[in-house]
Amino acid sequence: MNIQNRYMMDLINKGTRLDNRGLDEYRKITIKSGVIAQAEGSSMVSIGDTKVLVGIKMDVGEPFPDTPNEGILIVNAELYPMASSSFELGPPDENSIELARIVDRGIREGKAIDMEKLCIEEGEKVWIIFVDIQPINHDGNLIDASAMAAISALLNTKMPKYEDGSVIYEEKKKKLPVKDIIAMTTFINIGDKVLVDPTIEEENIMDSRVSIATSQNGNICAIQKGGMHGIKPGTIEKIFDKAVERGEEIRKIIKSNV
Amino acid sequence: MNKVFKKTRDLVLPGELVVESMDYLPGRNCFREGNGIYSKRLGLVYFKGRVVEVVPLAGPYIPEVGDMVIGEIKEVQYSGWIVDINSPYQAFLPISGIREFVDSLKTDISKIYNTGDVIYGKISVVSALKTIYISMKEPQTRKFSGGRIVEISPVKVPRLIGKGGSMINLIKNKTKCRISVGQNGRIWLQGEKEELAVKAIMMVNEKSHTTGLTEAVERLLDRGE
């Protein structure tokens, strides 16, 4: 709607938003871990009205030939029409693939999991971790919510027992070797303003989007840029500083819920 | 054989039997089958004399002839515009439905309304197959420029308007905002105290079922200055 977009732009230029938040303010974040009994690990994260459920399943399989002594991480996201009227049934579209890839890259490149500890027999048998992302309700900022849910679910994961060539799912004792807590922060650009935690209305009028994953020691470990427009060099430097700052806050919330 | 299964303000589900008697008549959101009167929606039953009525608690906007709605132009076509009216059904605004005469062969009708424009129109036709026509000929109808839009649940709109417009006039008088309410749950407003008006509207949306709501809204409006 034209008039609504114009109104939102006016507010953003004044430094506030439709829901009275400041430009660099998050909505209320809640994390619930261990919500699915059958899964090895799970977590439900809500940021405002956005809600994402992540489940972790584990299995044993053959490693990739180039990393014979490392476990395998597979991240998948499915956007069901239940979550938003803009999602369609059918094969995964670019949005769901992008969502899964960003979360995957954050965890993988941030070395959040000690993959070498997931090796059972070099070149023969390793653990495979399936991370399934399922948005329940989409009100913007799915990337941050999914990454937060994925990392809290991994922290919540208990590995099943492996004995004589078969996986015993009933016996879960050992925790998954998680080394680092990755925090993902998404920034959107509207005009020359930068916003964090966009709602769906703000995502609809954004020029561009940058998602940045940071690790515990303040390193940036993954970046993804989306949207049609570019970002100015001065802006991106500010975004990097803010990402580290926000990442610290997100990490605190994740830690307090595990 | 006069069986009344529910009393006023009882909760009913879609398809639930309310009365089994020919002495009663089905009102809004009810239908008769055989001797029984059943509910069409999830809501509360009200007996108004011999008429059984269900006031829905939730649900989408179903257009009715004569409703004023706020719609967004989705598509410009050869002979009119397709309008989104926040309903499961799309509406159509034909060029015969606007005030001035337009020769569609000679004019680009996107100059009149273009995609993204927001209009306040009246539902003029609802066919059995839910083909919906909008008219912009009525006196109150217009195209909005400026202001903002808030959305509430369509079933709460009657509560927001209040008896004889009491609630909406209260908000208008206290905030001095210009407000247009669409039956489809969209509300357009413009004025200096927009924020306060939005707060009041959202309060009605959330607490529509409580008693003494008008007083609570009045207190909020007095306090918010």
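Visitor: In the open sheet of chain B with antiparallel pairing, what is the order of the 4 strands?
Guide: The model before us is predicted. In chain B, antiparallel pairing joins 4 strands into an open sheet. Strand S1 (3-4) and strand S5 (30-33) of chain B are its edge strands, since each pairs on one side only. Reading across the sheet, the order is S1-S3-S6-S5.

Visitor: Which residue is the bridge partner of Phe31(B) in S6(B)?
Guide: S5(B) and strand S6 (residues 36-39) of chain B run antiparallel, and 4 bridges join them. Within S6(B), the partner of Phe31(B) is Tyr38(B).

Visitor: What is the strand order in the open sheet of chain B with mixed pairing?
Guide: This open sheet is also formed by strands of chain B, and its pairing is mixed. Its edges are strand S2 (11-12) and strand S4 (25-26) of chain B, each of which pairs on one side only. The order of the 4 strands is S2-S7-S8-S4.

Visitor: Which residue in S8(B) is the bridge partner of Leu25(B)?
Guide: S4(B) pairs with strand S8 (residues 51-56) of chain B in the parallel sense, over 2 bridges. In S8(B), Leu25(B) has as its bridge partner Val51(B).

Visitor: Turning to chain A, which residue in the hairpin of S11(A) and S12(A) takes a positive phi?
Guide: Strand S11 (residues 208-214) and strand S12 (residues 220-227) of chain A pair in the antiparallel sense, with 7 bridges. Ser208(A) stands opposite Gly227(A) in S12(A). The hairpin has 5 residues between the strands, and the residue with a positive phi, near 85 degrees, is Gly218(A).

Visitor: How many residues in the contact of H2(B) with H3(B) are nonpolar?
Guide: H2(B) passes H3(B) in a right-handed crossing. From H2(B), Met167(B), Ile171(B) and Thr175(B) meet residues of H3(B), among them Leu196(B), Ala200(B) and Val204(B). The contact has no charged residues and 1 polar residue, while the number of nonpolar residues is 7.

Visitor: Which strand gives the most residues to the side of domain 2 of chain B that touches domain 3 of chain B?
Guide: The domain assignment of chain B includes domain 2 (68-143) and domain 3 (148-223). Their contact takes 8 residues from domain 2 and 8 residues from domain 3 of chain B. On the side of domain 2, the elements that give two or more residues are strand S9 (68-76) and strand S12 (118-126) of chain B. The strand that gives the most, with 3 residues, is S9(B).

Visitor: What separates the centres of domain 2 and domain 3 of chain B?
Guide: The centres are taken over C-alpha atoms. On that basis, the separation of domain 2 and domain 3 of chain B is 26 Å.

Visitor: How many charged residues are on the side of chain B that touches chain A?
Guide: The contact between the chains takes 10 residues from chain B and 5 residues from chain A. On the side of chain B, 3 residues are nonpolar and 4 are polar. The number of charged residues on that side is 3.

Key:
Residues are numbered from 1 along each chain as its sequence is written. Chains are lettered from A and ligands numbered from 1 in the order in which they are written. This is a predicted model: local features need pLDDT of at least 70, side-chain atom pairs count only at pLDDT 80 or more; totals for chains, interfaces and linings use all residues. A crossing is left-handed if the near helix is turned anticlockwise from the far one by less than a right angle, and right-handed if clockwise. Two residues are in contact if their C-beta atoms, placed from the backbone, lie within 7 Å. Ala, Val, Leu, Ile, Met, Phe, Trp, Tyr, Cys and Pro count as nonpolar, Asp, Glu, Lys and Arg as charged, and the others, Gly among them, as polar. Two strands pair if DSSP finds at least two bridges between them. Domain bounds come from an automatic or database domain assignment.
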